[in-house]
Amino acid sequence: EAVATAKAVNPVTRGDITTLQNAYNSLEIVQPDPQKYYEIVNPLRGGKKVYIGNDGKMYFDDLTNKLSTVFKFEDAGDRKFYLKGIERGTYMNSSKGHGYGQETATGVEASTKVSVTSLNAGDVVSITPQGGAMIHADGNYGTVVGWNNESPTGASAWRIVEVKDITERSYTVAV
C-alpha cells in the first residue's frame with residue numbers, strides 16, 4: 001500500500017522519500033507460525049526444497065508432494081525456532097560453519113535453535129543456526145551446508161512457504 005501511495009505522489013519531495021525509506025526500514029519479516037507446516041525453498045537452485053535424507057543429513061532437491069520436505073518451526077523463545085522435519089520427527093542440529101554440512105538430532109533437547117532474518121528483498125530470508133553459519137544450498141553436492149552469503153539472490157537465501165494440507169503428501173522417504 002505504501003508503495004502504491006508513493007507512486008501516486010507527484011511531485012516527489014525529499015520528505016516523501018525519507019518517509020518511504022523510514023517505512024521500509026521499519027518492516028519486519030513475518031516469522032513462521034509454530035502451528036503451521038512449511039517447505040524451505042531455495043530460489044537460486046530452481047525452487048528446490050530442503051529435506052532430510054536416510055542418513056539424517058539435510059539435502060535439497062526438486063521434490064513435489066513429499067512429506068520429507070515438510071518442516072515445523074517450533075517456538076524456542078526469543079524469536080528463535082527449532083527446525084523439525086515432519087517425516088522423521090528429527091531436528092536440525094548443527095552450528096557448523098562453512099561447508100561442513102548440517103546434521104539432525106533425535107530430540108529437541110539436542111537441537112540447535114535457528115533464527116529467521118529478512119534479506120531485505122521481498123519474502124527472501126536467511127535461516128541461521130545459533131552459533132553457526134547460514135544454511136546454504138551447496139550446488140556441487142545437493143547438500144545443505146553452513147555458509148554465509150547475505151545476497152538475496154545467493155544460495156543462502158530461502159523462501160519459507162506454507163503447506164496448507166500435509167495429508168496430500170506421500171510418505172516416500174527421499175534418499
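**Salt bridges and aromatic pairs in a predicted model**

Good morning. Let us begin with Arg159 and Asp123, which form a salt bridge whose closest N and O atoms are 2.7 Å apart. This pair links distant parts of the chain, since Arg159 belongs to strand 12 and Asp123 to the loop between strand 8 (113-118) and strand 9 (125-129), 36 residues apart. Please note that the model is predicted. Arg159 is partly exposed, at 31% relative accessibility, and Asp123 is also partly exposed, at 43%.

How many salt bridges does the structure hold? There are five salt bridges. In another of them, the side chains of Lys36 and Glu162 meet at 3.8 Å, N to O. Lys36 lies in the loop between helix 2 (14-25) and strand 1, while Glu162 lies in strand 12 (residues 159-163), so the pair ties together parts that are 126 residues apart in sequence. Lys36 and Glu162 are also linked with Lys164 in a network of salt bridges.

I turn now to the aromatic rings. The count comes to three aromatic pairs. Among them, Tyr38 and Phe73 have ring centres 5.8 Å apart and planes at 80 degrees; planes over 60 degrees apart count as edge-to-face, so this pair is edge-to-face. Tyr38 sits in strand 1 (residues 37-42) and Phe73 in strand 4 (residues 71-77), 35 residues apart.

Are these two residues buried or exposed? Both Tyr38 and Phe73 are buried. The rings of Phe73 and Phe81 are likewise edge-to-face, because their planes stand at 90 degrees, with centres 5.8 Å apart. Phe81 counts as buried, at 5% relative accessibility. Together, Tyr38, Phe73 and Phe81 form one aromatic cluster. Thank you.

Terms used. Residues numbered from 1 in each chain as written. Predicted model: local features only at pLDDT ≥ 70, side-chain atom pairs only at ≥ 80, totals over all residues. Heavy atoms only, no water. Phe/Tyr/Trp six-rings, centres within 6.5 Å; stacked < 30°, edge-to-face > 60°. Helix = DSSP H or I, 4+ residues; strand = E, 2+ residues; numbered from the N terminus. Buried < 20%, exposed > 50% of the residue type's maximum accessible area, 1.4 Å probe, protein only. Salt bridge = Lys/Arg side-chain N within 4 Å of Asp/Glu carboxyl O.
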